[in-house]
Amino acid sequence: MSNPVVTHQPGAGSYGTNVQTGEWSTHLCSCFSDCFVCALGCICPIALSCYTANKYGENCCLGCIPGGTAALRTHMRLTYGIQGTVINDALMTFFCGLCETCRMAREIHIRNGE
């Protein structure tokens, strides 16, 4: 008997089962492509963050704790095969938090076919 030869190593992007595109489905400032998300983000950003965490399958309180949105963004990137770094996740959620939360909510809607 011979041992099987490994010709391909599994990649690091195998965290989820969804289609992996390498990029976000929408741009950071595409808020008006989903009016519900845009309205909820403008009226109550914390509610949008909690809604996004819940729709993603995480505890809704994740959106209320410091660093929770950055952790959610990192996990989403890894699940969906979106390129980026942890430091980029932290910077985007710190400096562009509302727009980034809206983009993550849009991403979930798009990936779930809503």
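How many disulfides does the count come to? Zero, taking a disulfide as a pair of cysteine sulfur atoms within 2.5 Å. Before we look at the cysteines, a word on what you're looking at. This is a predicted model, where local features need pLDDT of at least 70, side-chain atom pairs count only at pLDDT 80 or more, and totals for chains, interfaces and linings use all residues. Residues are numbered from 1 along each chain as its sequence is written, and side-chain values use heavy atoms, with hydrogens and water left out.

Let's start with the overall layout. The protein chain has five helices and zero strands, both read as DSSP runs numbered from the N terminus (helices are H or I, at least four residues; strands are E, at least two). Going from the N terminus, the order is simply α-α-α-α-α. Of the 114 residues, 37% count as buried, where buried means under 20% relative accessible area, exposed means over 50% and partly exposed is in between, using a 1.4 Å probe and protein chains only. As for contacts (heavy atoms within 4.5 Å), take those between residues at least 6 apart in sequence: 63% of them join residues at least 24 apart.

Now zoom in on helix α1, residues 35–43, where Val 37, Cys 38 and Gly 41 are buried. Looking down the axis of α1, the buried residues fall within an arc of 100°, so they line one face of the helix; the arc is that of the directions from the helix axis to the C-beta atoms. That buried set packs against α2 and α5 (97–111).

Next comes the pairing of α2 (residues 45–56) with α3 (residues 68–80): they pack at an angle of about 35°, and their axes are 11 Å apart. Here axes are lines fitted to C-alpha atoms, for helices over the stretch in contact, and angles run from 0 to 180 degrees between N-to-C directions. The α2 side of the contact has Ser 49, Thr 52, Ala 53 and Tyr 56, which meet Thr 69, Leu 72, His 75, Met 76, Thr 79 and Tyr 80 of α3. Sorted by class, that's five nonpolar, five polar and no charged residues. The classes put Ala, Val, Leu, Ile, Met, Phe, Trp, Tyr, Cys and Pro in nonpolar, Asp, Glu, Lys and Arg in charged, and the others, Gly among them, in polar.

Thr 69 is worth a stop of its own. This α3 residue is buried, at a relative accessible area of 16%. Setting aside neighbours within four places in sequence, Thr 69 touches Ser 49, Leu 62, Gly 63, Thr 93, Thr 101 and Met 104.

Cys 50 is buried, with 15% relative accessible area; the nearest cysteine sulfur, that of Cys 64, is 3.2 Å away, and Cys 50 is in no disulfide. The sulfur of Cys 99 has its closest cysteine sulfur in Cys 29, at 4.8 Å, too far for a bond. Cys 99 counts as partly exposed, at 27% relative accessibility. Ser 30, in the segment before α1, has its C-alpha 8.5 Å from that of Cys 99, though they are 69 residues apart along the chain.
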